[in-house]
Amino acid sequence: MSTSSPRQRQARPSRRYRLPLRARLAATVGGAAGRASRLAGRGDGSVIGGVIGLRLQPDLLSLLAEGRQVVLVTGTNGKTTTTRLISAALGALGQQVASNAFGANMEAGLVSALARAPDATIAVLEVDEKYIPSMLAATRARVVVLLNLSRDQMDRAAEIWLLARRWRVALAAAPNCRVIANADDPLVAWAAGEAKQVTWVAAGQRWHDDSWCCPRCGSHLRRDGDDWYCRECSNRRPPVRWMLADEQVIDPAGRSRPLNLVLPGRANRSNAVMALAVAEVFGVSVSQALPAVAQVKSVAGRYTQVMRKGCAVRLLLAKNPAGWLEALDVLEPGPVLLAVNAQGPDGRDTSWLWDVDYRRLRGRTVFVTGERGVDLAVRLEADEVMFRIVGSVDEAIDLARGPSLEVIANYTAFQQIRAVLGRTA
């Protein structure tokens, strides 16, 4: 909780920087377009408003970021959740925090988020991995958070070693930026290695399949428990300031506290520790930040439980092998529906399904749906998982005939199921 009184919070001045007239017009027109999109039922308007604003004022993002303390959050998995947790932690400052809470993480989405909160002095923004260099330059961010790097949407995204190299160059050229980096991911550690200010966090890395080689020299990395190192060069896991230890967070002073999160799974405990490390940069202590972080229940519909036809349906998002590993770990007992699409936001290539170990679903009641349901069915058959293909989440509920249904879906399939379940999702 904030230590300032309500009167002190009211007395804080709004952001002093004021946009030039043309930029104000662009932000206003873009905001109106976003509201119209929402009223028309065409999404939350978090992209179209930014697109129009940028067409009217190409440097609108830089102008909107001026005078703010900006936090950029990136990684293959956990961006949206970590952004939400950081926003909750910084709420202890008693100030408005601008954020792209629904995951619109390219330039237009960032513009919309900042335009919606013109007086917010702090902004916590999720950024697609590919766009970190340009968004860092545009916003002059105070903090950049690097969560992880693994293969994802290879038909549209760059090879992850190339992404890590671009991060490394961009961060080395930003001397005033504080980097909060996951020391347990060798690619992330290398990407942050030349940054001028780094806070290393032992946040864990369960998915090792994309980081067996040293990003510095290409030799095979050795792993010894939580440690990793290269025998051919001096590259190794850096010393950490924050640590996730099972369900405890260990702060820089060595104090251990239980996280007690509402959000399930180790991945979310990792995200929470990263959020606490960011809060420290802003002068928010663990005792102030942790209660707010611990009470986050749902993130853009993820982990939400919705009653549908007397069945408790819980939604989990998994977009790539590392994400499926975490989602499968937090499944509750009972029937499960798996949904896979291959639209633009998902990536057209579904070959990554073969990197996921589905054997743990053996013996469960499994339903399959989505535009690429047949691809997923072939993969399940190879892992000797019995399944039934269905046309919708409602058909799965009818066939499950139980009190609960777990749903794991990739991005657009997840959004389609949320739309069917209604606003509560």
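## Basis

The model is predicted: local features need pLDDT of at least 70, side-chain atom pairs count only at pLDDT 80 or more, and totals for chains, interfaces and linings use all residues. Residues are numbered from 1 along each chain as its sequence is written, and side-chain values use heavy atoms, with hydrogens and water left out.

## The sheet

Strands are DSSP runs of E of at least two residues, helices are runs of H or I of at least four, and both are numbered from the N terminus. Two strands count as paired if DSSP finds at least two bridges between them.

β12 and β13 run antiparallel and are joined by four bridges; glutamine 305 has arginine 314 of β13 as its bridge partner. Two residues lie between the strands of this hairpin, where lysine 309 takes a positive phi near 55°. Strand β13 (residues 311-317) also pairs with β17 (residues 404-409), here in the parallel sense over six bridges. Leucine 315 has valine 407 of β17 as its bridge partner, and valine 313 stands opposite leucine 405 in β17.

Seven of the seven residues of β13 are buried, so the strand is largely enclosed by the rest of the structure. Buried means under 20% relative accessible area, exposed over 50%, and partly exposed in between (1.4 Å probe, protein chains only). Cys311, Val313, Leu315 and Leu317 lie on one side of β13, with Ala312, Arg314 and Leu316 on the other.

Contact means heavy atoms within 4.5 Å.

In helix α12 (residues 321-329), seven of the nine residues are buried, among them Trp324 and Leu325. The buried residues of α12 pack against β13, β14 and β17.

## Two further sites

Serine 270, in helix α10 (residues 266-281), is buried, with a relative accessible area of 11%. Beyond its neighbours within four places in sequence, serine 270 is in contact with Ala203 and Leu244.

Valine 374 lies in helix α13 (residues 373-382) and is exposed, with a relative accessible area of 57%.
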